[in-house]
Structure formats: structure tokens, C-alpha cells
Amino acid sequence: MRVVSLSYPVSSDIVREAAEPKVAAIGQFDGLHLGHASVLSTAVNIARENGVPAALITFYPHPKDVIGKGSYEGYLTPQPDKQQLLEAMGIDILYVVEFNKEFSQVSPETFVEEMLLPLNLQTAVVGFDFRFGHKGAGDAVKLQELGEGRMSVVTVPPFLVDGEKVGSSSIRIALKTGQLSDANRWLGRNYHIRGTVIHGEKRGRKIGFPTANLELTDPFVAPALGVYAVRARTDKHHDWIPGVMNIGVKPTFHEGITEPIFEVHLFDFEGDLYDQIMTVDIVQYIRKEHKFESVQELVEWIQRDAVEARKILKVSE
């Protein structure tokens with residue numbers, strides 16, 4: 001997959017490189033959930049039928065990051081994850097448009113004339129709720145009108161799971177409220193985070209449950225505080241290793257911590273993980289974080305959590 005960085009207005013060099021007709025899905029696609037997959041597969045299928053490249057036009061940073069609209073916080077799929085998933089979905093060209101204050105002021109008409117058409121789009125594929133241009137003034141119908149005779153537009157209907165529309169906002173809410181099973185079902189895969197293993201307080205080692213403390217590599221959406229059954233691997237240990245993760249503020253030992261701490265205990269693993277990049281596949285939510293009256297009570301609960309996680313992950317002791 002070729003990745004092309006764009007800014008407004010599109011440079012003449014980019015226009016020359018974009019001479020070949022193509023089919024492009026357009027949108028933010030944070031999460032690349034099942035609804036997004038239906039839009040992308042539609043674009044890829046049309047592209048293959050017409051013998052042209054399948055492209056995706058997306059925006060970075062997230063528009064809500066720039067214009068400060070809504071309760072937006074973190075990414076479900078930061079750029080590196082998005083690129084990896086898109087390549088697996090069959091996207092040939094990824095256009096990443098720099099979203100800034102100037103670009104946020106561009107009208108729907110200007111967006112089509114000075115951004116889309118210069119990229120030589122044969123067909124634009126969008127979701128039913130697609131909005132574009134200043135203050136989201138344009139929609140799928142407007143896009144069709146503006147492209148009339150020069151660019152066809154295909155609008156993909158909402159994707160439903162058990163009668164519910166799949167959307168990034170719903171997934172964010174599910175993650176933050178401990179409804180991980182819903183989030184994973186709508187994503188079509190387990191949600192994951194990634195971080196560098198850093199030195200912590202080493203308290204887990206003293207109580208018999210050494211943990212890898214993670215400093216997230218990207219601004220992922222943080223799931224609800226609590227304990228999770230997980231699988232993890234690093235850039236040096238490529239096989240998935242089962243384990244249990246706590247996302248919390250360590251209320252048994254501290255007060256006043258506001259940012260969540262990510263601690264992963266890997267089952268039956270010995271070795272130095274410091275400074276390695278760890279990806280954590282979050283399989284199932286086990287329980288909320290508690291404040292315990294004693295270290296012994298904490299240890300007993302951790303033991304229960306480990307047994308439960310092994311059961312969930314089908315790992316024998």
C-alpha cells in the first residue's frame with residue numbers, strides 16, 4: 001500500500017502522480033469497525049471490477065481534535081494501526097489529508113473541485129452519514145450533485161449488528177463503560193492498545209505477580225478502569241502470550257492519581273521486557289478496579305483474576 005500525505009491545496013506534484021483513475025472511499029474511519037469495513041469492501045470491489053486502484057482518503061489529526069467539537073478523546077485506531085489494517089483490507093493507496101484550521105474552512109464545493117477531482121476519482125464511496133466541508137455542510141447527496149458527470153458516488157447504507165447501527169461513537173462509549181464485548185463485536189476483532197514497557201514501582205514482583213507497565217505509544221481510547229483477560233506480544237516476542245491486565249489508579253496504594261496506569265501480568269513468562277513495544281489484545285472484561293483493605297486481600301483478588309483469565313483464554317495452570 002502506498003501512503004501519500006496531502007495538504008490543502010493539493011500540490012501540482014501530487015496531481016501529476018494521481019493521473020490514473022481510481023475508486024476511493026472517503027471518511028475518518030477511526031476504529032475501522034464492521035460498518036467501515038462494509039464501505040471499504042464496497043470500494044475495493046468496485047475498483048477490482050474496473051481494474052483501477054482502490055484508495056482511501058482520510059484525515060489527520062481527527063477533525064474534532066482540531067475544531068474541538070464534541071467529547072472526542074483518543075483514537076480507536078491510531079495511524080500506524082490504521083495503515084496495517086487498511087493494507088490487509090486491500091487498499092492500494094492511502095491519502096492522509098492534513099486537517100488544520102484552514103482546511104476546516106473549505107466549502108463542500110471547494111473540497112470537491114480542489115481536493116477530490118484533482119486526485120482523478122472515478123468513483124467516490126461514502127457511508128450514509130458522510131459529511132464534508134465547512135461545518136459539515138455537505139452530505140452524500142451533495143457530493144453526488146457536485147460530482148455529476150465527472151465522478152460517480154456510491155453511498156453505503158448503515159451496517160447493523162443485531163439490529164443496532166455500528167458506529168465509532170458507540171464503540172467509544174462501550175469501551176469507557178466496561179462493555180468490552182459489545183466493542184469487540186462491533187469492531188469485528190478484539191480492541192487493542194500498544195505501549196513501551198517502562199519501569200514501574202516493581203510492587204507486583206514483590207507480591208508474586210510481576211507486571212509490565214506500559215506507556216502508550218499513541219493516544220488510544222482508554223477502556224474502563226478494571227481487570228481484563230488479555231493476550232500480548234512484543235516486537236521481540238512475536239507469539240501471543242496470555243495474561244491479565246489492570247487498568248487503574250492503584251487505589252490500594254495511592255490517592256490522587258488521575259491518569260490510568262496500564263499493567264500487564266503475563267502467564268508463565270520469564271524474561272526482560274523493558275523498552276520493548278508491547279501490543280495488548282483485550283479479550284474480555286473481568287471486573288471493576290477496587291480499593292482493598294490490605295495487600296493480602298489484593299493478592300487474593302489477583303489470584304482469582306488470574307484463574308478467571310486463564311479460564312477465559314483457555315490456558316491451563
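Reader: Between which two elements is the loop in which P9 lies?

Author: P9 lies in the loop between β1 and α1 (12-17), where helices (H or I, at least four residues) and strands (E, at least two) are DSSP runs numbered from the N terminus. This is a predicted model, in which local features need pLDDT of at least 70 and side-chain atom pairs count only at pLDDT 80 or more, while totals for chains, interfaces and linings use all residues. Residues are numbered from 1 along each chain as its sequence is written, and side-chain values use heavy atoms, with hydrogens and water left out.

Reader: What omega goes with the cis bond from Y8 to P9?

Author: The peptide bond from Y8 to P9 has omega near -5° and is cis. Another cis bond joins Y60 and P61, with omega about 0°, and P61 is found in the loop between β3 and α3. Most peptide bonds are trans, and most residues other than glycine have a negative phi.

Reader: Why is N120 called partly exposed?

Author: Buried means under 20% relative accessible area and exposed means over 50%, with partly exposed in between (1.4 Å probe, protein chains only). The relative accessibility of N120 is 28%, so N120 counts as partly exposed. N120 also has a positive phi, near 60°, although not a glycine, and its place is in the loop between α6 (108-116) and β5.

Reader: What makes D162 exposed?

Author: D162 has a relative accessible area of 67% and is therefore exposed. The phi of D162 is positive as well, at about 55°, in a residue that is not a glycine, and D162 is found in the loop between β9 (160-161) and β10 (164-165).

Reader: Why are β1 and β8 called edge strands?

Author: Two strands pair if DSSP finds at least two bridges between them. The open sheet of 6 strands has the order β1-β4-β3-β2-β5-β8, with parallel pairing, and β1 (2-6) and β8 (152-156) each pair on one side only, as the edge strands.

Reader: How many bridges join β3 to β4?

Author: Strand β3 (residues 54-60) runs parallel to strand β4 (residues 93-98), and 6 bridges join them, which set against the requirement of at least two means that they pair. T58 stands opposite V96 in β4.

Reader: Which strands does helix α4 touch?

Author: Helix α4 (residues 79-88) packs on the sheet and touches β1, β3 and β4, contact being heavy atoms within 4.5 Å. Its direction makes about 155° with that of β4, where axes are lines fitted to C-alpha atoms, for helices over the stretch in contact, and angles run from 0 to 180 degrees between N-to-C directions.

Reader: What lines the largest cavity?

Author: On a 1 Å grid over the protein atoms alone, a cavity is a set of points where a 1.4 Å probe fits but cannot get out, and lining residues have an atom within 4 Å of a point. The largest cavity is lined by L76, T77, D81, L187, R189, Y191, H192 and F220. About 40 Å³ of space lies in this cavity, a volume being the space filled by probe spheres set on the points, which are joined across faces, edges and corners.

Methods:
On a 1 Å grid over the protein atoms alone, a cavity is a set of points where a 1.4 Å probe fits but cannot get out, and a pocket is an open set with protein on both sides within 12 Å along at least five of seven lines; lining residues have an atom within 4 Å of a point.
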